[in-house]
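Please keep the sequence and the structure in view while reading.

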Amino acid sequence: MQNFARLAAGLFVRRKNRENGLCASLEELMEQRRNLACLHQKSKLAPSDMAGEVRSAFKGRGIEMEEIREYTYGDDVRDIDWRVTARKKTPYTKVYAEERDREIFVLLDLSPSMVFGTKRELKSVTASKTAALIGWLAQENRDRFGAVIYDGREIRTFKSQHNRAHLLAVLKKIAETGRRILQPAKEEGEPASLVRPLKTATKLIKSRAAVFVISDFYRFGETEQKALAALAGKGQVFCVDVFDRLEEKAPAGGEYMAENNGKTLVFDSRPKIFKREYQAYFAGRREKVRDFCRKFNCRYMEIRTDADSFRQIKFI
């Protein structure tokens, strides 16, 4: 099933070449700032048990304690003051001064496996827009924003800064990389590994930084997991899993031909066993990333290519 997924990519990417959504322009990345209002509104409407997924990345727990008040639903249980709770016979929690000027990093995967999409746009485009949205959130919240951009071969790093010119430089590089990766590679091999960019990010960030790893996690073996665990040990990690609907669900029944890296495959998607194995393969890959996040206290989010990322991301 893995070989099919890689071979099938060629067919659907070529079909997508006749449509929009091939790369995110600098203008589109700039326009992500307009979507902040929608995120704020969604945050206000979010139930308390869901709010805080991304909010915690931009509004840290702080260092200085401001007050002690009665515990309310949705407060972090780690902040409960057990001495006061025992004395008052009701839960009390510590309230910390809001932390500002925090480091927010994006590790943006634009490797070849991200150049795939069947509806609306490629995964690389969705990932780029998501990275831009996070950048604008950091800018609005007066946090320092940095980035690690990986195209499968080269790594470009931006140290964290808080100024508009720096953010625009990051967005410009994302747009340039998005255009460049559309050029056919001279030779294709195994899927690119996230090990090098993960190690680069680990060296770049400071403690208590928030890092959004935006990728399809196509290659997520033992070495990638070790590198991501090292990053999680130094900062707060958000795994943003970008995927296309065709990866999740088998194509409509019929015969298809796909070509990739000089290999051609003809397959029939009508048999039930094919559909079961197809969907089980993707579900297994996704569950592996989820299991990792549960084990290493990382946050997990899914972003589809056929819907706006700002409508899917879990609350600021």
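Which residues of α7 are buried? The points below answer this and then place the helix in its surroundings.

1. Some ground rules come before the answer. This is a predicted model, in which local features need pLDDT of at least 70 and side-chain atom pairs count only at pLDDT 80 or more, while totals for chains, interfaces and linings use all residues. Residues are numbered from 1 along each chain as its sequence is written, and side-chain values use heavy atoms, with hydrogens and water left out.

2. The buried residues of α7 are His-166, Leu-167, Val-170, Leu-171, Lys-173, Ile-174, Ala-175, Thr-177 and Gly-178, where buried means under 20% relative accessible area, exposed means over 50% and partly exposed lies in between (1.4 Å probe, protein chains only). Their cover includes α2 (26-31), β3, α6, β4 and β5, with contact taken as heavy atoms within 4.5 Å.

3. Helix α7 covers residues 164-180; helices (H or I, at least four residues) and strands (E, at least two) are DSSP runs, numbered from the N terminus. At the start of α7, a side-chain oxygen of Asn-163 comes to within 3.3 Å of the backbone nitrogen of Ala-165.

4. The sheet is open and mixed in its pairing, with 6 strands in the order β5-β4-β3-β6-β7-β10; two strands pair if DSSP finds at least two bridges between them. Because β5 (155-161) and β10 (299-304) stand at the edges with a single partner strand each, one side of each has no neighbour in the sheet.

5. Strands β4 (residues 144-150) and β5 are joined in the antiparallel sense over 5 bridges. Within this pair, Phe-145 has Gln-161 of β5 as its bridge partner, and Ile-149 has Arg-156 of β5. The hairpin of β4 and β5 has 4 residues between the strands, and Gly-152 takes a positive phi near 100 degrees there.

6. Helix α7 lies across β3, β4 and β5, at about 15 degrees to β4; axes are lines fitted to C-alpha atoms, for helices over the stretch in contact, and angles run from 0 to 180 degrees between N-to-C directions. How do α6 and α7 cross, and within what distance do their axes come? The axes come within 11 Å and cross at roughly 175 degrees, which means that α6 is roughly antiparallel to α7, a label for angles over 145 degrees. The contact is made by Ser-128, Ala-131, Ala-132, Gly-135, Trp-136 and Gln-139 of α6 together with Arg-164, Leu-167, Leu-168, Leu-171 and Ile-174 of α7.

7. Elsewhere in the sheet, Ser-215 is found in strand β6 and is buried, with a relative accessible area of 0%. Its side chain reaches the backbone nitrogen of Phe-217 at 2.9 Å. Not counting residues up to four places away in sequence, Ser-215 touches Asp-109, Met-114, Leu-194, Val-240, Asp-241 and Val-242.

8. For the chain as a whole, there are 11 helices and 10 strands, and 49% of the 316 residues count as buried.

Conventions:
A polar contact is a pair of N or O atoms within 3.5 Å; within protein, one must be able to donate a hydrogen and the other to accept it, and residues adjacent in sequence count only if both atoms are side-chain atoms. Angles under 35 degrees count as roughly parallel, over 145 as roughly antiparallel, 65 to 115 as roughly perpendicular and the rest as oblique.
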